[in-house]
Structures are given as structure tokens and as C-alpha cells.
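Trainee: I am new to this structure and would like to go through it with you. Could we begin once it is on the screen?

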Amino acid sequence: MAAAAAGLGLRRVSVLASRPGQLRAGIGGRLLPLAAGPRRHAAHFTFQPDTEPSAHGQTQKMNLFQSITSALDNTLSRDPTAVIFGEDVAFGGVFRCTVGLRDKYGKDRVFNTPLCEQGIVGFGIGVAVAGATAIAEIQFADYIFPAFDQIVNEAAKYRYRSGDLFNCGSLTIRAPWGCVGHGALYHSQSPEAFFAHCPGIKVVIPRSPLQAKGLLLSCIEDKNPCIFFEPKILYRAAVEQVPVEPYYIPLSQAEVLQEGSDVTLVAWGTQVHVIREVATMAQEKLGVSCEVIDLKTILPWDTEAVCKVSGPDLVLKYVVVWALRHLWWKVYLEGVVGAFPDSLHQQGSCGIPAVTESYTVGG
């Protein structure tokens, strides 16, 4: 504090703390009251597990990070070209998602990298172009931005710019995603929207351990580079019965978790559990019947499941999209407005990312 004060040309800086909400900063001996305002709290939600699957053999109780480890273990055991790399992955990673894999498969297949996200993704592109399966970890999704150019201008466009002669489709980029409640600005971000408009990559976010393993294995097997964001608040909070053997959940296929006739609520990752509680509240307090959809794949998203396109007809329904902790409202057809309570008569830009039919020829 003294150094900071000297640098600012101040004679004295003091910080006093008494009871919560009564922090005062003093400059030159004067106390400055903080502006009054509501206290901020971490979002509350209750994790809702899926039904135990019976189609994929033996299951085991796993939390989300253990299901990620299981998927990576399955991949390394079945694919001799697969390698996992990133900051601190050799000892298991900060969230323990790669724990034990270096000991099991060796230092040539699970290894640390320098603290350079651009280098991690650039290396992964090279590994994938050479024909191997590259699984890169960005330690926090917040730090993926230094690699933005490598992802958007290199990985996503590699197949297109080579006329489909070369590609880096066997690249998967994993990153812990979203807030926990105490991560502050550099460990709480949800950056999927930055990638949601870039043809040539796929962006996937699971809601549970069961979904995480099946979707991650599908990303690794997919012939396009994929970004797989993992809700870190669910790493230990979410526990389910997960198959031990490999299984695959199709990408770009949304899942209807709850039927409804008035409003469609679309979410992904952690917010699926929040929006399910919102649907219950809307039914109980407003008499609004809500359909709940887990988008799962952000790019390319399942337009038919969300927009209910059936031949030439479009179902008359509001669609509410949860994205980046805000709700955006989209009225598909104005004629349905009169059927909803006044509290729902809000309009805005749809938060669902737009993609084009040319997507499949991308990276």
C-alpha cells in the first residue's frame, strides 16, 4: 500500500474494515464511504442428475471431472496416436482431470507445455495435421483468448484454405468454463459466444458427468476441430452413474428435457439446471408451460429442435435463450404475444448464434 501511495503521490492511504458492508478507504486521513448497494451472491441451483443408462454396460459413480478422466483414459487406451498436453496436465491438472494418466501412458503421451496458450493450440494444430489425435487443455477458459487467432484463423480454416487436401480435424481443445462463485474476473468467464459465429469449429458444453463423457468422446472422434468447455462448478458438485466403457452422444443434437406448450427455454452447461428451476417457477407462479431444451452443441446448433420447424410450419412459441448469464427474448411470431402475461412481453435480439449451411466444409 505504501508503494502504491508513493507512486500516486499520496501521503497516506489507509483501508479500514469493520462489519461487512462498512469498508472505508482513507486518502490523506479522510474516510470515504462506499456507495450503498445490494450484496452480491453466487447463483444458486440444484444439480439434477440424468437417469442411469442401461445401454452402455457397467456404470460407476463419477463426478464430472472423473467422467472427463474416464473419457481421456478410454481414448489413450484405444488410440495409440492420442496425446494430451497443456499447463500442469502431467501431474493431473488444477482440477485433476488428467490425474494418473501420465503414470499409466507415459511422459511422451501426457505432458506439460509452457504457459503459452497460443503455443498450445498451435502445437495441437501441427499434431493433428500430422495425423495424430491432439487433446489440448487450456487451464481456464478465460485464458483462451491468446489462442484466438490460432483457433479462428488457423484451425477453423485449415481444410478450407487447402481445398480439403489437409485438415486438423483431430484436434480437441478442452477448457474449464463458467463461474464457481469465487473465481473473480479471470477464472469465471463463459467465452463461447466469441467462437459461436466461426464456421469450421464445433463448440460443445455438457450439463452433467454422463453428458460430459459421451460428448467429449464424440468431439475427439469428430473430423472437425472442437472446443469442449467444462462447467467447473460441476466438477465435484455433479455426481452420476457413468458407463465405464466408451460411448458417444451425437453432436449438434439438442435434448428436450421437459415438454411445454407456451415458452421454449434454451440453455447449456450449468445454466440447464438453473433454467429447469425457472421453468418450475414459471408454471407455479405465472401458469406458463415451459419447454426446456439443453442445446449441448453451441456450434453448429440444432435449429430444428429449437425452432420446431416441421415442413413449412413454424410452431408459434416464444424462445428464451440463456447465454452469458443474461436472458434474451425472441418473439418468432407476433401473434402469440396476447397469450402471455405482461411480464413476458419483452423483445430483443435472439441469443442463439447463427451458422450457415457451408459449415460442414470447414476445418
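Mentor: Let us begin with a term: contact means heavy atoms within 4.5 Å. Helices (H or I, at least four residues) and strands (E, at least two) are DSSP runs, numbered from the N terminus. This is a predicted model, in which local features need pLDDT of at least 70 and side-chain atom pairs count only at pLDDT 80 or more, while totals for chains, interfaces and linings use all residues. Residues are numbered from 1 along each chain as its sequence is written, and side-chain values use heavy atoms, with hydrogens and water left out.

Trainee: How many helices and strands are in the chain?

Mentor: The chain has 11 helices and 19 strands. Of its 363 residues, 51% count as buried. Buried means under 20% relative accessible area, exposed over 50%, and partly exposed in between (1.4 Å probe, protein chains only).

Trainee: Which residues of helix 5 are buried?

Mentor: Gln150, Ile151, Val152 and Ala155 are buried there. The cover over the buried residues of helix 5 includes helix 4, helix 6 (158-161), strand 8, helix 7 and strand 10.

Trainee: What does Ile151 touch, leaving out residues up to four places away in sequence?

Mentor: Ile151 touches Val121, Ile144, Ala156, Ile173, Phe195, Ile201 and Ile227.

Trainee: Which residues touch the most other members of the largest nonpolar core?

Mentor: They are Ile144, Ile151, Phe195, Ile201, Phe229 and Leu295, in a core of 44 residues. A nonpolar core is a set of buried Ala, Val, Leu, Ile, Met, Phe, Trp, Tyr and Cys residues joined through side-chain atoms within 4.5 Å. Elements that each supply at least two residues of this core include strand 5 (83-86), helix 5, strand 8 and helix 11 (303-307). Helix 4 gives the largest share, five residues. Another core, of 38 residues, lies apart from it, with Ala71, Cys97, Leu216 and Leu234 among its members. In soluble globular proteins, nonpolar side chains tend to be buried together.

Trainee: Moving on to rings, how many aromatic pairs are there?

Mentor: The count comes to 10 aromatic pairs. Rings of Phe, Tyr and Trp (its six-membered ring) pair if their centres lie within 6.5 Å; planes under 30 degrees apart count as stacked, over 60 as edge-to-face and the rest as tilted. Phe140 and Tyr143 form an edge-to-face pair, 6.4 Å centre to centre with 80° between the planes. Phe140 is buried at 12% relative accessibility, whereas Tyr143 is partly exposed at 30%.

Trainee: And what about Phe148 and Phe195?

Mentor: Phe148 and Phe195 form a tilted pair, with 5.3 Å between the centres and 40° between the planes. This pair links distant parts of the chain, as Phe148 is in helix 5 (residues 148-155) and Phe195 in helix 7 (residues 192-195), 47 residues apart. Their C-alpha atoms are separated by 8.7 Å.

Trainee: Which residues do ring pairs link into a cluster?

Mentor: The cluster consists of Phe95, Phe140, Tyr143, Tyr186 and Tyr235.

Trainee: Next, the sheet: in what order do its seven strands come?

Mentor: The order is 6-5-7-8-10-9-15, in an open sheet with mixed pairing. Two strands pair if DSSP finds at least two bridges between them. Strand 6 (110-112) and strand 15 (297-299) stand at the edges with a single partner strand each, so one side of each has no neighbour in the sheet.

Trainee: How many bridges join strand 8 to strand 10?

Mentor: Six bridges join strand 8 (residues 171-177) to strand 10 (residues 226-231), and the two run parallel. Trp177 stands opposite Pro231 in strand 10.

Trainee: Where is the cis peptide bond?

Mentor: The bond from Leu299 to Pro300 is cis, with omega near -10°. Pro300 lies in the loop between strand 15 and helix 11. Most residues other than glycine have a negative phi, and most peptide bonds are trans.

Trainee: Which residues other than glycine have a positive phi?

Mentor: Arg96, with a phi of about 70°, and Asp164, with phi near 70°, are among them. Arg96 is partly exposed, at 27%, while Asp164 counts as exposed, at 52% relative accessibility. The loop holding Asp164 runs between helix 6 and strand 8.
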